[in-house]
Amino acid sequence: MPKISVIVAVYQAGKYLQKCLDSIRSQTFSDFEVVLVDDGSKDTSGQICDEYASIDSRFKVIHKENGGVASARQLGLELSEGDYVIHVDPDDWIDSEMLGKMYRNAVEKKSDMVICDFMKHVNGRCFEFSQNPGSLEHQIVMQNFFGSLHGSCCNKLIKRCLFDKFDINFPQNMNVWEDLFVCIKLTMHDIRVSYIPEPLYHYMCSANENSIVASISRRKLDSMLSFIEYFDKLDGFDKSLLIRRKIEAKRMAFLLKKMKRKEFYEICPDINDLYYAKFSGFRKLDHLIRFSLFCSWPISRLCFSLWKIESLLLRK
């Protein structure tokens, strides 16, 4: 059996998929398999997946009807055979030493989960994001997933047997925060976590216009609310950890078109006062940032600068 299973949930990623798969094939560590789950793509993605499977026996392809990223990730997990699993998004790529460094760290530290830093690429510029959890104690890591730690499964090597041991699946009613949900559920248990302070994963921000993460939609908001509802109803869970996520959901509701005032107030009603205290001065700016996505580079750059100023003010 392979040491690592790399799961790639693919949907309408034909423009970027080859770069992603080439970065996986070029790994200095070779004992891995790649599970490509084509989630009903209508572009060339399925064909590209088949081509790589034909030239590299470590690649296997599953074509399925479109069911969303959570269903694709879950199917890939169920069909994987590696000791460890890691996910790679089809419009991103990984450092040539990523799998080797993460696997060696997992073995040396006897880790159940290995976290590394990542690079974010935005309009030709690169930004490095540290993912130092501060403490490797599993409960502290879990709490930090509600704060500074990125919830993606793409910069985390995870022991595959844990999913069966703790009965953890990707929630089918979520198409955002589904990987964050899994990371939180895993770190609620007494697992061993380790950290590599190197940006081994490269995240292309909004490269894929078909990515649900890059869009504002009712479907995305419903996923956020499902996430919040699950932990809000969980016995013994510290509800204060959800405040930041509730604010994000509230902002999404505000940006949605045709959102009625009554429904807006009913979404996370316990933070209405907090939401307006934080955001009332930035409502027009939210729309400006949204408008900038369709503008020229100079205007977009100006709006991005305003967004950074907004973010700093909101931290106060």
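How many helices and strands does the protein have? In this predicted model, the count is 13 helices and nine strands.

Some overall figures come before the individual elements. The protein has 316 residues, and 52% of them are buried. Its accessible surface comes to about 15,500 Å², and carbon and sulfur atoms contribute 52% of that area. Among contacts with a separation of 6 or more, 77% are between residues 24 or more positions apart.

Helix α1 covers residues 17-25 and helix α2 covers residues 45-55. The two pack with their axes 10 Å apart, at an angle of about 25°. Angles under 35 degrees count as roughly parallel, and α1 and α2 are therefore roughly parallel to each other. The crossing of α1 past α2 is right-handed. On the α1 side, the contact is made by L17, Q18, L21, D22 and R25; on the α2 side, the residues are S45, I48, C49, Y52 and I55. By class, the residues of this contact divide into six nonpolar, two polar and two charged.

The buried residues of α7 include L180, F181, V182, I184 and L186.

How values were computed: Residues are numbered from 1 along each chain as its sequence is written. This is a predicted model: local features need pLDDT of at least 70, side-chain atom pairs count only at pLDDT 80 or more; totals for chains, interfaces and linings use all residues. Side-chain values use heavy atoms; hydrogens and water are left out. Axes are lines fitted to C-alpha atoms, for helices over the stretch in contact, and angles run from 0 to 180 degrees between N-to-C directions. Helices (H or I, at least four residues) and strands (E, at least two) are DSSP runs, numbered from the N terminus. Angles under 35 degrees count as roughly parallel, over 145 as roughly antiparallel, 65 to 115 as roughly perpendicular and the rest as oblique. A crossing is left-handed if the near helix is turned anticlockwise from the far one by less than a right angle, and right-handed if clockwise. Contact means heavy atoms within 4.5 Å. Ala, Val, Leu, Ile, Met, Phe, Trp, Tyr, Cys and Pro count as nonpolar, Asp, Glu, Lys and Arg as charged, and the others, Gly among them, as polar. Buried means under 20% relative accessible area, exposed over 50%, partly exposed in between (1.4 Å probe, protein chains only). Accessible areas come from the Shrake-Rupley method with a 1.4 Å probe; for residues, only the protein chains shown count as cover.
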